[in-house]
Every structure is written in structure tokens, then in C-alpha cells.
Amino acid sequence: MTTSFRVIASLIPLALLLACGPESDQVVFTIQADRFANAEWSDPVSLGPVINSSAVDANAGLSSDAHTLLFVSTRAGGLGNLDIWMSHRQCLSCDWEAPINLGAPINSDAIDAAPTMSDDGRRLFFYSARSGGFGLGDVYVSHRVSTGADGDVWGPPVNLGPDVNTAANEQGSFYVHEPGEPNAFVYFNRPTAGGSIDIYRVAVSNDGEALGPAVLVPELSDPASFDQKVDVSTDGHELLLSSMRAGGFGNLDIWRFTRQSAQGPWSSPTHLDAPINTPDVDSQPVLSRDGRTLIFTSNRAGGFGQQDLWTSTRTPSGH
């Protein structure tokens, strides 16, 4: 990977779960701990030229019904640097429609990335390097004011404060309400004094406020590597992580963790191998709510630009 790709990859960690269906953060699924234990991923395919461009297109996320896609792009028409864009489709087999820029106040002339929504779609968390924060980049939350024919209207972003943000660079935000937990969590990454980039999480209220200091998640963090971004499955039994840790193909790769219950310890990671991972950048995984569809960022051959969005599917064991 060239130096430019390393810089881009470090700037745009993401995870996102956008929900535009149920109005409750509590979603219950009764499924076995590892229903995809023997499942194989299909050969990834590009999301195509409507979503992907000659610029950077990355940091994807799906709504609960998989009809809405958010992602980050440096394409023309933004407010500057990395912006957050949104696309819709009318059905699961329909084509994605032309993306629209979320505009101000979500986007600014700085880096705005890693969008992730609460399950009810009313709170949008994201990372931004805009002025007025605590450090190089901070995690913010914005509340949806209204929804109309012209799209959602978002309120002014609010910094999550010193329990989350420091003088360093907090990135890669991902919101999830794990089953059995009284509060939701926002996962993110932060550089350490030892030179690694590790995974942290903080409990958040229904208003998106941090409930105490963020804590390191040691099971997910390699003290000798760059751990970029997580995605936790709806049932809380599976986690995907993009990382540069040893044992991969030499770049940002996607790794899989599992656990027997939503409150149990995570397993040792398993490298996804081919066809998901390649010697190129393969990162920023996002799962659909049924766990069957993966969207991720890659600069592998066959794309349209510097980094593109790709998708792959799998079938649960026994199906």
C-alpha cells in the first residue's frame, strides 16, 4: 500500500448502524451464538459507479431495513475534505439512488467521517476534525430535528466531552445497543503513548450523553498494531474489526471475534482470509442486521477510484 493509502485509511475509520424502522433501541433476536460458524463469504462485488467514484468512497453503513446507505467520500460537491453522504433504494434488489451530501451542520470544511446512528435513527454519532474540539479529532452527536420530503434535518453537533475526547485523535465511532445492556455503547479508536491505536467504548444515554469515562477494550486491542474500527452484530455475538495486526495479509484486514452471550468475553480473532481480505486495504466492515451482508472498504483492483465500497454475502449454517 502506498503512503497515500495509509493516510487515507487512518483518517476514515467507520462504523455505522443507521436505523429508520423501529422507534426502540431494544431489538431482541433469539439465535444461536455462532450461526455463521461454517459460512463462506461470496466473492465481493463493487457497489457500482453510482456509489463509487474516482475519489475516496468508504465508511459505509446500512439502515435497519437496508434501504439507506451512509458513507464517506471526497467526491466533488462536498463542503471540503471528507464528507458524509447518503443514498437510498426502494427495495433490497433495487439499485442505489444518487447519493446526496448531508450538508451543514453535519459536514464542515474539515474531516467529517465515521457516521453511526442510534437504532431509532434520532441520534447521529460521527468523528470530526472541525475546530472547537478537545484535540485533533473528536466524536460528536447530532439529534434529528425533523424528517421531510427533502430529507432529514439535523441539529448542531455536540461534542461528547472530555470523558470521550482527548488532545489526541478519537475516530471510528460505532453505536450499538447490545442485548441485555441497560445503556447503549459507542466504540471508537484512540492512539496510545506506546504508538498503537486501540479500541475504546463508552456507555451513552438516550440523549447521546457519555455516562462516565471511556474504557479500553483489551480483548479487541493489539498493543503493537493499528486497530481501526469495529462492527458488533445485532445479537451481540459477533464482532468484526479492521486491523493491521500480525497474521494478516500485510495491510488493513478484517478480523472476526465471537462470544457465547452478549455479555461474555470475546474469542481470539479469526482472520477472514480470501475472498474478503487481500494484500490491499480491506477495512471498515459493516454488517446488515441479519448478518448476511457485509459492506466494506477496499482499494483492490477492479474499483472505480482510490478506495471503493464492496459487498459480499453469506448464508447461516444449516441453511
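**Setting up.** I call a residue buried under 20% relative accessible area, exposed over 50% and partly exposed in between, with a 1.4 Å probe and protein chains only. The model is predicted, so to speak of a local feature I need pLDDT of at least 70, and side-chain atom pairs count only at pLDDT 80 or more, while totals for chains, interfaces and linings use all residues. Residues are numbered from 1 along each chain as its sequence is written, and side-chain values use heavy atoms, with hydrogens and water left out.

**Aromatic pairs.** I describe a pair of aromatic rings by the distance of the centres and the angle of the planes. My cut-offs: rings of Phe, Tyr and Trp (its six-membered ring) pair if their centres lie within 6.5 Å; planes under 30 degrees apart are stacked, over 60 edge-to-face, and the rest tilted. The structure holds 3 such pairs. I looked up Phe125 and Tyr175, which are stacked at 5.5 Å centre to centre with 20 degrees between the planes. This pair links distant parts of the chain: Phe125 belongs to strand β7 (residues 123–128) and Tyr175 to strand β11 (residues 171–176), 50 residues apart. For element names I use DSSP runs numbered from the N terminus: helices are H or I of at least four residues, strands are E of at least two. Why does Phe125 count as buried? Its relative accessibility is 0%. Tyr175 also counts as buried, because its relative accessibility is 1%.

Next I took Phe126 and Tyr140, a stacked pair with 6.1 Å between centres and 25 degrees between planes. Here too distant parts of the chain are linked, with Phe126 in strand β7 and Tyr140 in strand β8 (residues 138–148), 14 residues apart. Both Phe126 and Tyr140 are buried.

**Charges over rings.** I count a charge as sitting over a ring if NZ of Lys or CZ of Arg is within 6 Å of the ring centre and within 35 degrees of the ring normal. Arg75 has its charged end over the ring of Trp85, 5.5 Å from the centre. Arg201 lies over the face of Phe185, 3.6 Å from the ring centre.

**Strand β17.** I then turned to β17 (residues 253–258), where 6 of its 6 residues are buried. In a regular strand, side chains alternate between the two faces of the sheet. In β17, Asp253, Trp255 and Phe257 point one way, and Ile254, Arg256 and Thr258 the other. For pairing I ask that DSSP finds at least two bridges between two strands. Strand β16 (residues 238–243) runs antiparallel to β17, joined by 6 bridges, and Leu240 stands opposite Arg256. On to β18: 2 bridges join β17 to it, again antiparallel, and Trp255 has His271 as its bridge partner there.

**An open sheet.** Which order do the 4 strands of the open sheet have? I read β1-β21-β20-β19, with antiparallel pairing. β1 (45–46) and β19 (282–287) stand at the edges, each with a single partner strand, so one side of each has no neighbour in the sheet. β1 pairs with strand β21 (residues 308–313) over 2 bridges, in the antiparallel sense. Val45 has Thr311 in β21 as its bridge partner.

**Backbone checks.** Most residues other than glycine have a negative phi, and most peptide bonds are trans. Asn59, in strand β2 (residues 57–62), has a positive phi near 55 degrees. Asn59 is buried, with a relative accessible area of 0%. Gln284 has a positive phi as well, near 55 degrees, and lies in strand β19. Gln284 is buried at 1% relative accessible area.

I also noted cis peptide bonds. The bond from Ala104 to Pro105 is cis, with omega near 5 degrees, and Pro105 lies in the loop between β5 (100–101) and β6 (112–117). The bond joining Ala274 and Pro275 is cis, with omega about 10 degrees; Pro275 is in the loop between β18 (270–271) and β19.
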